[in-house]
Amino acid sequence: MSLDQKYDAIVVGGGHNGLVAAAYLAKAGKSVVLLEGATELGGATTSVRPFPEYDAKLSRYSYLVSLLPDQIVADLGINFKTLERSIASYTPIRKDGEDSGLLISQRWDERTAEDFRKLTGSDKEGQAWQGFYNEIAELAERIAPYMLKPLKSASELKSEIGLPDVWDYLMERPIGEVIKERFQDDVVRGVVLTDALIGTFVSADDLQANRCFLYHLIGNGTGQWRVPQGGMGALVIELKRVAELNGVKINLNSYVTDIDSDENGVAVTTSSGAKYSAQDLLFAGAPQTLAKLRGKSAPKSLEGSQMKINMLLSKLPQLKSGVDPKLAFAGTFHINESYSQLENSYQVAKSGQIPGDLPLEMYCHTLTDPTILSPELNQRGFHTLTLFGLHTPAALFDKDPEGSKELAKKAAIESLNQYLAEPIESVLAVCKDGSLAIEAKSPLDLENDLGLPRGNIFHRDLDFPFIDGTERNELTWGSETDDSRIFLAGAGARRGGGVSGIAGHNAAMAVLSKH
Ligand SMILES: Cc1cc2nc3c(=O)[nH]c(=O)nc-3n(C[C@H](O)[C@H](O)[C@H](O)COP(=O)(O)OP(=O)(O)OC[C@H]3O[C@@H](n4cnc5c(N)ncnc54)[C@H](O)[C@@H]3O)c2cc1C
């Protein structure tokens, strides 16, 4: 094999994790080449102008940040800020023909207490809410630092964290059971449950939901979901700057089609026939892709199950409940996400149908960070809305990808319009060709656009951030594979998933601890 370019490390995949891995290695003095198959960096963390005539840069795929540790931002010296949303969530409610809602502030306040009281008739549910989330906040603070350290066993971590009751209900008992025990109201239960179901096609009683729930609540020690200033693409721009500053060579349009490994190191070939060799390879695409390239069988995983819909609005729509849209859309806006609606939708989707009352959540980036719009659009009162529809698994789109996507988009719009005083279509910006400024991405689009297997936003099923006894010798950082020269550096590594950079950091540490 003729090898023309030799490095200490090859990083395959220029999503944010690949960039983090490459930057850490280069900062440690390693020569690194990063090979990205697409024409641009970023993977699921890109910002784009989906409606070119409008100067509005939307986070096309991922949109909020919680899991990225401050330590990574500081270690790499990136200029990337996230902003707090004043509102945590709003859930519009229609009961006996009357429209109301549950508005929850980022920090508990009298307005929030009053909404809980109105919905449930007493202070009990609000107190249950505060008790539950205070317990989890304690665990979040204690467990977060372990994300950037070698893995512990479950028993070691449980004893070091020292909150055995919280541990038991988060890691060992189905989260659905716990939620039903702690909360009485169907809407409140649903608001809690949604964090367990983002991108995860399971029932509330499946432990996979616990894993999703855990990662949604422990990010950076607070679990707070924050707005990336300048959009998600701002993170990529900074990571690229720092990687290149430290000497990383970045090659775009370099899809890796072949990986070889022997005692001399690793060698890869790209689709254009370019060859690279190195001591180590960090694969920051999906583990299923790595397995395919190595001729191995792919790890089993659930498929992705979400619709992502991006919208540009000429103004925020009024709501039937009369709440100020600037409050309602500033946090996470839940629709059809009561506990029973979520469970019903899961059953409907499992039977092969797109759920009618599609459960979904949305938020408006521009209410917290207007910088993604031009001054002119800001002045005209434009806003962006990001919609994430649950329980729409890839299998629903296989037979007729475009037709099913239209149906799911229609279901999402109808679900949303149930709560709006003016239909969303009437406030969508209009493009030059007369079309409305709305784009939808199904799980199959995510597979085609980004290589996410079956549209799984975490590459594969999330794992708990610890190992059991049988894995002790194989996994130290959660990045190791059965080849001592090949590491997983993307979301599919243990503790990966989401915009966190943790998988990239840990793979780099695994490599550095070898040499
Ligand atoms: C619609 C959507 C919404 C989301 N929302 C959020 C959110 O709000 N907050 C959050 O924390 N997380 C969110 N996520 C999840 C999060 O974005 C991902 O888990 C994370 O960005 C994955 O990052 P990564 O760098 O590991 O992989 P990716 O971003 O998937 O990047 C992998 C890169 O590797 C490249 N690649 C793959 N194979 C090869 C190859 N053979 N050769 C060369 N290059 C290759 C790909 O082109 C891609 O650029 C969302 C994801 C999606 C899709």
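The legends below describe close-up views of a predicted model.

View 1. Of the 20 residues that line the second largest pocket, R460, E480, T481, D482 and L488 are the closest to its centre. Helix α11, which spans residues 287–293, gives the most to the lining, contributing 3 residues. Sorted by class, the lining comprises 9 charged, 7 nonpolar and 4 polar residues.

View 2. E238 counts as buried because its relative accessibility is 10%, and the limit for burial is under 20%.

**View 3. A salt bridge between the side chains of R454 and D398.** The two side chains meet with an N to O distance of 2.8 Å. The pair links distant parts of the chain, R454 and D398 being 56 residues apart. R454 lies in the loop between α16 (443–450) and β18 (486–488), whereas D398 lies in the loop between β16 (383–389) and α15 (401–417). R454 is partly exposed, with a relative accessible area of 27%. D398, at 39% relative accessibility, also counts as partly exposed.

**View 4. A salt bridge between K441 and D449.** Here the closest N and O atoms are 2.9 Å apart. K441 counts as buried because its relative accessibility is 12%. D449 has a relative accessibility of 36%, so this residue counts as partly exposed.

**View 5. A network of salt bridges that joins E110, E114, R117 and D123.** These four residues are linked to one another through the network. Side chains of opposite charge can pair when their charged atoms come close. In the structure as a whole, there are 31 salt bridges.

Key. Residues numbered from 1 in each chain as written. Predicted model: local features only at pLDDT ≥ 70, side-chain atom pairs only at ≥ 80, totals over all residues. Heavy atoms only, no water. 1 Å grid on protein atoms, 1.4 Å probe; cavity = no way out; pocket = protein on both sides within 12 Å on 5 of 7 lines; lining within 4 Å. Helix = DSSP H or I, 4+ residues; strand = E, 2+ residues; numbered from the N terminus. Nonpolar A, V, L, I, M, F, W, Y, C, P; charged D, E, K, R; others polar. Buried < 20%, exposed > 50% of the residue type's maximum accessible area, 1.4 Å probe, protein only.
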